[in-house]
Amino acid sequence: MPHFYLADRHMVADASSLMRSFGAYAADEAALRAERSRSVGNVVHFCRWRQVERLVRLLETDKPVGTVH
């Protein structure tokens, strides 16, 4: 998984909230929110929800990510 940027702790809170509410579909919900934001021309929220989606996918995996020593 490529590196990603977390702008603030609220992104982690959003990811956690989605995972509690939507379970295995949390990343899909974040992607839907990103698409809705893009469709109304809100690029800031589009990018935010895409990053939340990536974070959820990262948290859902049990594989090591990055350099393992």
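This is a predicted model: local features need pLDDT of at least 70, side-chain atom pairs count only at pLDDT 80 or more; totals for chains, interfaces and linings use all residues.
Trainee: Which residues of α1 are buried?

Mentor: M11, A15 and L18 are buried. Viewed down the helix axis, the buried residues of α1 lie within an arc of 65°, so they line one face. The general idea is that an α-helix has 3.6 residues a turn, so residues three or four places apart point the same way.

Trainee: What do the buried residues of α1 pack against?

Mentor: Their partners are α2 (26-39) and α3 (43-60). On the face turned away from the buried side, α1 carries the exposed residues R9, R20 and S21.

Trainee: What is found at the start of α1, and what follows the helix?

Mentor: At the start, a side-chain oxygen of D8 comes to within 3.1 Å of the backbone nitrogen of H10. After the helix comes G23, with a positive phi near 55°.

Trainee: Turning to charged side chains, how many salt bridges does the structure hold?

Mentor: In general, side chains of opposite charge can pair when their charged atoms come close. This structure holds eight salt bridges. One of them joins R48 and D8, with the closest N and O atoms 3.5 Å apart. R48 lies in helix α3 and D8 in the segment before α1, so this pair ties together parts that are 40 residues apart in sequence. D8 is partly exposed, at a relative accessible area of 31%.

Trainee: Which residues does E53 pair with?

Mentor: E53 forms a salt bridge with R50, where the closest N and O atoms are 3.4 Å apart. The side chain of E53 also meets that of R57 in a salt bridge, at 3.1 Å from N to O. Within helix α3, R50 is three residues from E53, a separation of about one helical turn. R57 is four residues from E53 in α3, again about one helical turn.

Trainee: Is E53 buried or exposed, and what of R50 and R57?

Mentor: E53 is buried, with a relative accessible area of 7%. R50 is partly exposed at 26%, and R57 is partly exposed at 34%.

Trainee: Which residues are linked with E53 in a network of salt bridges?

Mentor: The network links D28, R50, E53 and R57.

How values were computed
Residues are numbered from 1 along each chain as its sequence is written. Side-chain values use heavy atoms; hydrogens and water are left out. Buried means under 20% relative accessible area, exposed over 50%, partly exposed in between (1.4 Å probe, protein chains only). Helices (H or I, at least four residues) and strands (E, at least two) are DSSP runs, numbered from the N terminus. The arc is that of the directions from the helix axis to the C-beta atoms. Contact means heavy atoms within 4.5 Å. A polar contact is a pair of N or O atoms within 3.5 Å; within protein, one must be able to donate a hydrogen and the other to accept it, and residues adjacent in sequence count only if both atoms are side-chain atoms. A salt bridge is a side-chain nitrogen of Lys or Arg within 4 Å of a carboxyl oxygen of Asp or Glu.
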